[in-house]
Amino acid sequence: MVRVGVFGANGRVGQLIIDDLKESENISLSSVFVRTELNFSIDPSVLVSTDIKSFLNACDIVIDFSLPEACEALLEAAIKTPKPLVIGTTGLSAHQLNLLKQASENMPVLYATNMSLGVALLNKLVYQASSALDGFDIEIVEMHHKHKKDAPSGTALTLAESAAAGRGLDLDKVRVSGRDGNIGERTEDEIAVMAIRGGDIVGRHTVGFYNDGEFIELNHTATSRSTFSKGAIRAGAWLADKEPGLYSISDCLEL
Ligand SMILES: NC(=O)C1=CN([C@@H]2O[C@H](COP(=O)(O)OP(=O)(O)OC[C@H]3O[C@@H](n4cnc5c(N)ncnc54)[C@H](OP(=O)(O)O)[C@@H]3O)[C@@H](O)[C@H]2O)C=CC1
Ligand SMILES: O=C(O)C1=N[C@H](C(=O)O)C[C@H](O)C1
């Protein structure tokens, strides 16, 4: 049995992971980390802790869906108390991504901005399309619920990385994040990433390739947040016996 620690347990995804673990085989909940208290009742055998070290010691693997600063605290603690880590938190800074890489030298770390099978495949398709459709303008639009704090979404940035890689471009040099005013004509290489926020949209990503006379749009829509919680549990079960290193969701899904 793989014992899971959930970091971000009160959150939208964290709560679903706790629910989904009840239905899972060979993997179960053993600890949750909370800043103050858990907002719902839980099996008394599960450790509910405000101390990261105790939380880590009570589990075999960690699944994290929290906020960047919280994820940073988790990574710092895990560097001292190594555990396989499934990280789903988005909006990580360059420093936090470096910490994640540092952690992966001593423990297996799976980092995925989107835990769905569909988006894992979409990333491959975007790479292929970007490389094949030379000269097509690439524009990415993401839509999420009104509570989402980071923009653009982690998924949109990963898709933009795939698009840039397909053309041999450095995303940092070609990414455009908004257009307003007298900005001039679109440049050939730019890759725009735009964010829409509203209501309860779980997550929708469209990568468009636009040319004179034709365009293609590749689209993925998550209709249920449990796509992410179930994907993270599958990733955790897979990661539990892996060697230290940085893994992607494609590694887990063998895509
Ligand atoms: N990779 C993927 O497939 C997906 C990734 N995400 C990402 O996961 C993250 C969480 O999303 P979501 O569940 O919607 O967010 P929520 O805002 O619902 O949950 C965030 C959680 O983080 C906790 N938290 C906040 N600050 C701290 C802190 N300093 N220390 C410890 N815990 C803290 C909150 O605890 P408290 O209740 O105490 O405030 C809460 O439980 C986001 O980055 C989102 O983009 C979301 C969906 C899918
Ligand atoms: O915050 C969310 O909800 C989501 N966040 C992830 C992201 O930033 O890409 C994944 C998913 O789209 C939902």
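At what angle do the axes of helix 1 (residues 12-22) and helix 8 (residues 226-239) cross, and within what distance do they come? The legends below take up this question and several others for a predicted model.

**Figure 1. Crossing of helix 1 and helix 8 in the predicted model.** The two axes cross at roughly 60° and come within 9 Å. Helix 1 and helix 8 are therefore oblique to each other, and their crossing is right-handed. On the side of helix 1, the contact is formed by V13, L16, I17, D20 and L21. Helix 8 contributes S226, F228, S229, K230, A232 and I233. Sorted by class, this contact between helix 1 and helix 8 holds seven nonpolar, two polar and two charged residues.

**Figure 2. Packing of helix 5 against helix 6.** Two packed helices are described by the angle between their axes and the distance between the axes. For helix 5 (residues 117-132) and helix 6 (residues 154-166), the axes cross at roughly 30° and come within 7 Å. Because angles under 35 degrees count as roughly parallel, helix 5 and helix 6 are described as roughly parallel to each other. The crossing of this pair, helix 5 with helix 6, is right-handed. From helix 5, the residues V119, L122, N123, V126, Y127, Q128, S130 and S131 take part in the contact. They meet T155, T158, L159, S162, A163, A165 and G166 of helix 6. The contact of helix 5 with helix 6 comprises seven nonpolar and eight polar residues, with no charged residues.

**Figure 3. Helix 3 alongside helix 4.** The axes of helix 3 and helix 4 (residues 94-103) cross at roughly 25° and come within 10 Å. Helix 3 and helix 4 are therefore roughly parallel to each other. Is their crossing left-handed or right-handed? Helix 3 passes helix 4 in a left-handed crossing. By class, the contact of helix 3 with helix 4 contains eight nonpolar, two polar and two charged residues.

**Figure 4. Surroundings of ligand 1.** A shell of 25 residues surrounds ligand 1, and the closest are N10, G11, S66, A70 and G88. Which helix gives the largest share of this shell? Helix 1 does, with three residues. Helix 1 and helix 3 (68-80) each provide at least two residues of the shell. Divided by class, the shell around ligand 1 has nine nonpolar, twelve polar and four charged residues.

**Figure 5. Surroundings of ligand 2.** The residues around ligand 2 are T90, T113, N114, H144, K148, S153, G154, T155 and G203. The shell around ligand 2 has no nonpolar residues; eight of its residues are polar and one is charged.

**Figure 6. Contact between the two domains.** The domain assignment gives domain 1 (2-111 + 225-253) and domain 2 (117-222). The C-alpha centres of domain 1 and domain 2 lie 28 Å apart. Seven residues from domain 1 and seven residues from domain 2 make the contact. Helix 9 (residues 249-253) gives the most to the side of domain 1 that touches domain 2, namely three residues. That side of domain 1 divides into two nonpolar, four polar and one charged.

**Figure 7. Backbone details at P152 and N26.** The peptide bond from A151 to P152 is cis, with omega near -10°. P152 is placed in the loop between strand 7 (137-144) and helix 6. N26 has a positive phi of about 65°, although this residue is not a glycine. Where is N26 placed? N26 is in the loop between helix 1 and strand 2 (27-33).

How values were computed. Residues numbered from 1 in each chain as written. Chains lettered and ligands numbered in written order. Predicted model: local features only at pLDDT ≥ 70, side-chain atom pairs only at ≥ 80, totals over all residues. Axes fitted to C-alpha atoms, helices over the stretch in contact; angles between N-to-C directions. Helix = DSSP H or I, 4+ residues; strand = E, 2+ residues; numbered from the N terminus. Parallel < 35°, antiparallel > 145°, perpendicular 65-115°, else oblique. Left-handed = near helix turned anticlockwise from the far one by under 90°. Contact = placed C-beta atoms within 7 Å. Nonpolar A, V, L, I, M, F, W, Y, C, P; charged D, E, K, R; others polar. Domains from an automatic or database assignment. Near = placed C-beta within 6 Å.
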